[in-house]
Amino acid sequence: MFFEEGLQAAAYIIAAILFILSLGGLKDQETAKRSIWYGIAGMALAVAATVFGPGVQNILVLLVAIAIGAGLGIYIAGQVQMTEMPQLVAALHSFVGLAAVLIGLNAELMLGSVLAMKEAGTSLAEADLTGFGETLWHKNAAEITILRVESFLGIFIGAVTFTGSIVAFGKLSGKMDGKPSQLPGGHLLNAAAAALCIVLGILYFGGAGIWTILLMALVAGFIGYHLINGIGGADMPVVVSMLNSYSGWAAAAIGFTLSNDLLIVTGALVGSSGAILSYIMCKGMNRSFVSVILGGFGGQQQSGGQEIEGEQSPIQADEVTELLEEADSVVIAPGYGMAVAQAQQAVSELTQKLRSKGKTVRFAIHPVAGRMPGHMNVLLAEAKVPYDLVLELEEINDDFSETDVVIIIGANDIVNPSAQEDPNSPIAGMPVLHVWEARHVIVSKRGQGTGYSGIENPLFFRENTRMYYGDAKESVNALLQKL
Amino acid sequence: MKFGVVKESQDSEARVALTPASAQQIQKLGHECLMEAGAGMRADFTDDAYREAGVEIVDTADAVFEQADVIAKVRPPTETEVEKLREGQTLISFFYPAENEALMKKAADKGATLMAMDMVPRISRAQKLDALSSMANIAGYRAVIEAANNFGRFMTGQVTAAGKVPPAQVLVVGTGVAGLAAIGAATSLGAVVKAFDVRPETAEQVESMGAEFLFLDFEDSSDGSGEGGYAKPSSPEFREKQLELFRAQAPEIDIVITTALIPNREAPELWTEDMVQAMKPGSVIVDLAAEKGGNCKMTRKDEKFVTENGVTIIGYTDFPSRMAKQSSSLYATNIRHMLADLTPEKDGKLDHDMEDRVIRDSTIAHGGEVTWPPPKREDPSPKQTQKKSEKPKEKTAEEKRQEEFDAFKRETRQQVGLLALGAIVMLAIGTVAPPSLMSHLIVFALACFVGFQVIWGVAHSLHTPLMAVTNAVSGIIILGALLQVGAGNWLVVILSFVAIAIASINIVGGFLVTRRMLSMFVKS
């Protein structure tokens with residue numbers, strides 16, 4: 001045993017500080033590269049201090065488990081495509097949720113055996129307990145109730161996170177239908193399930209036995225599944241960051257169960273991080289968090305919104321090339337369609353070509369473009385687009401009026417002018433990229449369909465808009481050959 | 001179909017309706033091109049250049065009229081040219097149908113189709129074939145060049161060792177396409193430019209070109225813009241005010257460029273004789289309205305002369321022709337776009353679609369009948385859209401302060417409310433919970449606050465890495481499983497084993513993938 005109790009606590013403090021620094025370092029791209037090492041160092045320190053600390057047995061078993069997990073982790077991290085980041089993140093959330101459920105169950109199991117030993121009159125020395133077992137031994141009746149509340153919360157949040165993340169993973173990876181769907185009863189069913197959980201919890205606090213908490217875990221799992229299944233594809237950025245937040249709260253709840261401050265601190269950090277991301281995403285869509293959770297746009301029939309008259313005028317690659325040749329400043333606004341078509345590499349080449357001809361090329365990124373916060377930035381970074389060309393909505397919105405050509409690649413709702421002009425539109429008030437102020441707008445799009453929100457986009461009917469139909473990747477490649 | 005171009009019959013005209021570049025584009029539409037020898041010479045396009053572009057060169061205009069299905073030229077056709085037209089043949093040129101009704105009738109009687117480039121409707125879709133605008137643009141530019149050429153001083157202000165030179169003062173009257181082009185040319189030469197127009201909504205465009213718009217202090221509900229964004233005649237009172245404004249400017253202005261035209265009317269007199277008298281010797285007036293009688297009545301059409309008090313007045317009407325190469329290439333492009341509209345299938349077959357608004361309005365004779373003037377249509381003129389975009393009323397400072405104060409009060413109330421609620425919840429927990437829980441709660445609450453502060457600073461572009469790294473960090477849950485794995489209960493060991501394994505995936509996978517992502521972010 002290398003880490004005595006005091007030393008372990010000190011290691012935990014250092015680890016907590018390193019975690020905070022590693023999250024704070026993400027304020028810009030350069031410091032981020034350094035700060036990731038703080039996170040790794042903090043994690044290594046925390047794990048080492050625990051493994052070689054007091055009260056840990058079966059070291060061999062746990063090393064095997066770590067090795068298996070680490071191997072899988074290395075494999076996944078090496079294999080994953082950048083377009084698959086949203087589903088990877090969702091999958092990782094589900095792991096945290098599942099771990100929280102397992103650890104919570106364990107706590108209850110151990111509590112049961114410790115109480116049994118106490119009953120049988122075994123002495124502490126004879127019992128041969130692990131660190132956590134020993135903590136349990138010293139608890140009085142009130143503390144045991146609190147402990148049960150904590151495990152209950154940990155398991156509940158963990159189970160919701162687990163199944164919710166699996167559904168999110170399925171939707172993001174295309175293994176499940178992205179459209180919102182609910183069982184009959186809708187949110188009433190969720191409410192009933194939540195009520196059932198509370199009843200089971202009260203029974204459990206009263207000492208009704210382990211079956212209550214197992215059943216509660218199943219019901220909570222159902223809530224997670226049903227809740228996320230009712231939310232549509234375009235709201236995924238909110239869902240992913242919400243689950244991120246839940247995974248943090250689950251860790252914090254488990255920290256309370258185990259009286260481990262490092263777990264509490266880290267869980268709270270992650271939880272608040274996810275909460276802030278959800279808030280930013282909701283703001284990007286001008287919707288309240290509750291309305292996102294209670295169901296997405298995707299399933300609703302369009303109620304408000306004006307009919308649009310006029311026609312969409314198509315354009316061919318030659319003419320697009322001509323426009324680009326004549327332009328001085330070009331802005332590219334990518335959306336989820338770029339990720340679907342895997343067009344980021346072609347877009348990057350286009351950027352290089354245009355830049356080598358002395359044109360200003362910039363990117364306009366809407367906060368909810370893509371399927372998770374910052375999705376577009378990562379894709380463009382992967383394709384080696386310099387990050388200083390990639391601007392946020394607020395940074396670039398005023399510049400559109402001085403832009404010659406805007407190319408929209410696979411985006412729809414985030415460039416819909418009716419968000420600003422039509423108070424009856426379902427997306428009224430949502431901040432959008434003011435692309436229509438540019439001299440020419442070219443929309444690369446597969447067909448004439450509407451976006452995820454199902455709303456017609458008057459932008460496509462404007463006189464300075466030209467529709468460049470076709471698969472995004474092929475369309476951009478066609479331009480590359482002609483430029 | 002064969003597309004033919006003839007040499008302009010007027011000696012003063014140097015432009016041509018076809019360039020080698022436009023010929024290539026026209027051939028892509030499936031047409032053959034035909035041209036009278038030497039038609040492009042005065043615009044600096046040699047016959048060889050045309051031949052290289054695939055144009056067939058024929059010796060006489062008659063040959064062109066004989067072979068071609070569609071003929072294009074710049075100026076309105078002469079009597080003899082109309083004589084040569086045959087049934088089913090199309091002629092595209094400027095025509096000014098209001099002035100040439102007899103000719104139009106004659107062509108219609110012969111069964112030929114006439115398309116007037118000056119009748120192209122002023123809608124956005126037709127901008128690419130709006131030859132009036134492209135020619136006006138050149139006229140405006142050239143007017144400034146002519147003025148500078150006849151003006152004895154620098155346009156731009158300079159401070160030299162030999163003394164200080166003031167910039168030329170330029171006044172542009174009428175800010176249509178020509179006026180705006182003149183403003184652009186004059187400001188880029190360094191002159192100080194003022195501009196006036198009866199349509200106040202053009203002020204924004206004027207200011208965007210770097211000139212000062214002279215506003216008239218006049219209460220009039222109707223503004224000066226008529227159909228299609230052109231000016232309409234103004235009331236006598238308004239005119240008086242306007243002249244007063246110009247009179248005040250006259251002594252200081254070095255160069256006046258007038259471009260005021262009202263469709264199908266004589267040009268309004270805006271620069272009166274007494275204003276010319278008031279100008280300094282050496283000043284220049286360029287009257288772009290000379291063709292329609294001039295905005296200054298002293299102007300002599302097609303002539304440049306110096307008045308008794310030394311003011312040069314230029315009344316040329318052929319500014320575009322003076323820059324024949326430039327104007328030919330723009331005009332040829334306008335013609336090319338017209339042909340593209342006439343052959344929508346790009347198969348070389350003419351489809352004269354009288355349902356198409358652009359084609360309908362431009363066609364003045366078709367199928368044996370005169371089809372001018374075109375039917376009136378509801379036209380959303382540019383002025384309406386401008387009115388819509390008017391800015392909301394500016395708030396006064398007081399209103400703003402009041403609003404800020406209200407917002408502050410609202411926020412305070414909200415924050416205090418939340419704090420009080422939080423405090424009550426905490427106190428409630430404190431009354432029942434054991435002290436050990438409270439110490440953990442302190443840690444928890446502080447960590448939440450630290451988290452909120454830290455995460456707000458994260459760049460938007462790094463949100464995906466943030467999620468990946470928080471994924472890795474939330475793998476810290478592994479500690480819980482580590483503490484449990486040593487228990488005697490085999491079930492607990494198995495569950496902990498699984499928990500450790502999946503938490504390790506999170507830790508290792510999360511950190512590695514974050515690192516991979518971050519290393520991709522490169523600066524240009």
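1. A quick definition before anything else: a salt bridge here is a side-chain nitrogen of Lys or Arg within 4 Å of a carboxyl oxygen of Asp or Glu. Keep in mind too that this is a predicted model. Asp404(A) is buried, at 12% relative accessible area, while Arg439(A) is exposed, at 54%.

2. Over all chains, the structure holds 28 salt bridges. How many of them run between chain A and chain B? The count there is zero. What the two chains do share is 16 residue pairs in polar contact, with both residues at pLDDT 80 or more.

3. On to the interface itself. Chain A brings 106 residues to the contact and chain B brings 80 residues. About 8500 Å² is buried between the chains, and carbon and sulfur atoms give 78% of that. Leu26(A), Met43(A) and Ile276(A) together supply 7% of the area chain A buries against chain B, which is more than any other three residues.

4. Which elements build chain A's side of the contact? Those giving two or more residues are helices of chain A: H1 (5-24), H2 (29-51), H3 (59-79), H4 (85-119), H7 (141-172), H10 (236-258), H11 (261-284) and H16 (375-382). H4(A) gives the most, with 17 residues. Sorted by class, this side of chain A has 70 nonpolar, 25 polar and eleven charged residues.

5. Now chain A as a whole. Its secondary structure comes to 19 helices and six strands. Of its 483 residues, 57% are buried. Among contacts in chain A with a separation of 6 or more, 77% are between residues 24 or more positions apart. The accessible surface is about 18700 Å², with 59% of it belonging to carbon and sulfur atoms.

6. Chain B has 19 helices and 17 strands. Buried residues make up 51% of its 524 residues. For contacts in chain B with a separation of 6 or more, residues 24 or more positions apart account for 63%. Chain B exposes about 24700 Å², and carbon and sulfur atoms supply 54% of that.

7. Have a look at the salt bridges in chain B. Arg322(B) and Glu146(B) meet at 3.6 Å, N to O. Arg322(B) is in helix H11 (residues 319-322) and Glu146(B) in helix H6 (residues 131-150) of chain B, so this pair ties together parts 176 residues apart in sequence. Arg322(B) counts as partly exposed at 33% relative accessibility, whereas Glu146(B) is buried at 6%. The two belong to a salt-bridge network that links Arg142(B), Glu146(B), Asp318(B) and Arg322(B). Elsewhere, Glu13(B) pairs with Arg15(B), with the closest N and O atoms 2.8 Å apart, and both of these residues are buried.

8. Is Thr258(B) buried or exposed? It is buried, with a relative accessible area of 1%. Its side chain makes a polar contact with the side chain of Asn295(B) at 3.2 Å. Leaving aside residues up to four places away in sequence, Thr258(B) touches Val173(B), Val286(B), Asp287(B), Leu288(B), Ala289(B) and Asn295(B).

Note on methods:
Residues are numbered from 1 along each chain as its sequence is written. Chains are lettered from A and ligands numbered from 1 in the order in which they are written. Side-chain values use heavy atoms; hydrogens and water are left out. Contact means heavy atoms within 4.5 Å. Buried area is the accessible area (1.4 Å probe) that two parts lose on being put together, summed over both. A polar contact is a pair of N or O atoms within 3.5 Å; within protein, one must be able to donate a hydrogen and the other to accept it, and residues adjacent in sequence count only if both atoms are side-chain atoms. Helices (H or I, at least four residues) and strands (E, at least two) are DSSP runs, numbered from the N terminus. Ala, Val, Leu, Ile, Met, Phe, Trp, Tyr, Cys and Pro count as nonpolar, Asp, Glu, Lys and Arg as charged, and the others, Gly among them, as polar. Buried means under 20% relative accessible area, exposed over 50%, partly exposed in between (1.4 Å probe, protein chains only). Accessible areas come from the Shrake-Rupley method with a 1.4 Å probe; for residues, only the protein chains shown count as cover.
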